[in-house]
Each structure stands twice: as structure tokens, then as C-alpha cells.
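Q: Can you walk me through this one? Start with the terms, then the fold.

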Amino acid sequence: MACVAVTWARPESTYTDKWDNINVDEILESNRLLKGYVDCLLGKGRCTPDGKALKETLPDALEHECVKCTGKQKSGADKVIRHLVNKRPDLWEELAVKYDPDNIYQARYKDKIDAVKGSA
């Protein structure tokens, strides 16, 4: 659901790689950092510059299956999804309510989500 490394959409074929070197593992391992990003995405808290870019880009990435994501962004997204589904289902659910209220993406990506369950 959340692609921590995904950022601003540009007219080019991919999102900017400005944030590609963010340490996704560090964010996922820190409850404080992870909560900060989730709160940003949910509109409950302040956003860092990369969090703001993610918030603006996430709907497009979900709608278009991350087609404009760089390789690092896709890898980061997979890591975040695996972590949230397996270790923080509460946050996964909150994000799903916000970004997928009609269960469109959960249904579209069901096989991918099921594939990561239990593989934290």
C-alpha cells in the first residue's frame, strides 16, 4: 500500500528518484518513524518532504500499479507492504480505509498481498 520511496510525479516515464536512497528498513524498524509516515499519509500529522511527496504520489501509484516507480521504489514498496501486512495490520487497515475505501486495490492486488502474508 505505502511506497515509502515513491515521490512526485513528473511528465517523464517515472517518478523522481530524489528519495530513492531513503533507508526504508530504518523507518520500518522504528515505531516513531513509521507512525510519523502513517500519520502523514492519513492526514493526522505533519509530513516530512519525502512523506509529503509520497502522500501526493500514492494514489497514482496504486491506480496505475506503480508503473512509474523506479526499481528501488518498487522494492521499497514490496518491503513496506510485507512489513505492514505481517507486523502492523492495524496500520495496514487504517491506510486501506483511507486509500482504498471501496476495496478496489485490495481486490486487484489480492494475490500479491496473500503472497507476502507470513513472509515478514
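A: A nonpolar core is a set of buried Ala, Val, Leu, Ile, Met, Phe, Trp, Tyr and Cys residues joined through side-chain atoms within 4.5 Å. Buried means under 20% relative accessible area, exposed over 50%, partly exposed in between (1.4 Å probe, protein chains only). This is a predicted model: local features need pLDDT of at least 70, side-chain atom pairs count only at pLDDT 80 or more, and totals for chains, interfaces and linings use all residues. Residues are numbered from 1 along each chain as its sequence is written, and side-chain values use heavy atoms, with hydrogens and water left out.

Q: Which residues touch the most other members of the largest nonpolar core?
A: Leu34, Leu84 and Leu95 do, in a core of 23 residues.

Q: Which elements give two or more residues to this core?
A: These are α1 (24-29), α2, α3, α4, α5 and α7. Helix α2 provides the largest share, five residues. Helices here are DSSP runs (H or I, at least four residues; strands are E, at least two), numbered from the N terminus.

Q: How many helices and strands in total?
A: Seven helices and zero strands. Buried residues are 43% of the 120 in the protein chain.

Q: On to α5. Which of its residues are buried?
A: Helix α5 spans residues 89-99, and Leu91, Trp92, Leu95, Ala96 and Tyr99 are buried there.

Q: Why are they on the same side of α5?
A: Because they cover an arc of only 140 degrees around the axis. The arc is taken from the directions from the helix axis to the C-beta atoms.

Q: What covers them?
A: The cover includes α2 (31-42), α3 (49-63), α4 (71-87), α6 (104-108) and α7 (110-116). Contact means heavy atoms within 4.5 Å.

Q: How do α4 and α5 pack?
A: At an angle of about 115 degrees, with their axes 5 Å apart. The two helices are therefore roughly perpendicular to each other. Axes are lines fitted to C-alpha atoms, for helices over the stretch in contact, and angles run from 0 to 180 degrees between N-to-C directions. Under 35 degrees counts as roughly parallel, over 145 as roughly antiparallel, 65 to 115 as roughly perpendicular and the rest as oblique.

Q: Which residues meet there?
A: Ile81, Leu84, Val85, Asn86 and Lys87 in α4 meet Pro89, Leu91, Trp92 and Leu95 in α5.

Q: New topic: Asp39. Buried or exposed?
A: Buried, because its relative accessibility is 17%. Asp39 lies in helix α2. Beyond its neighbours within four places in sequence, Asp39 contacts Lys44 and Gly45.
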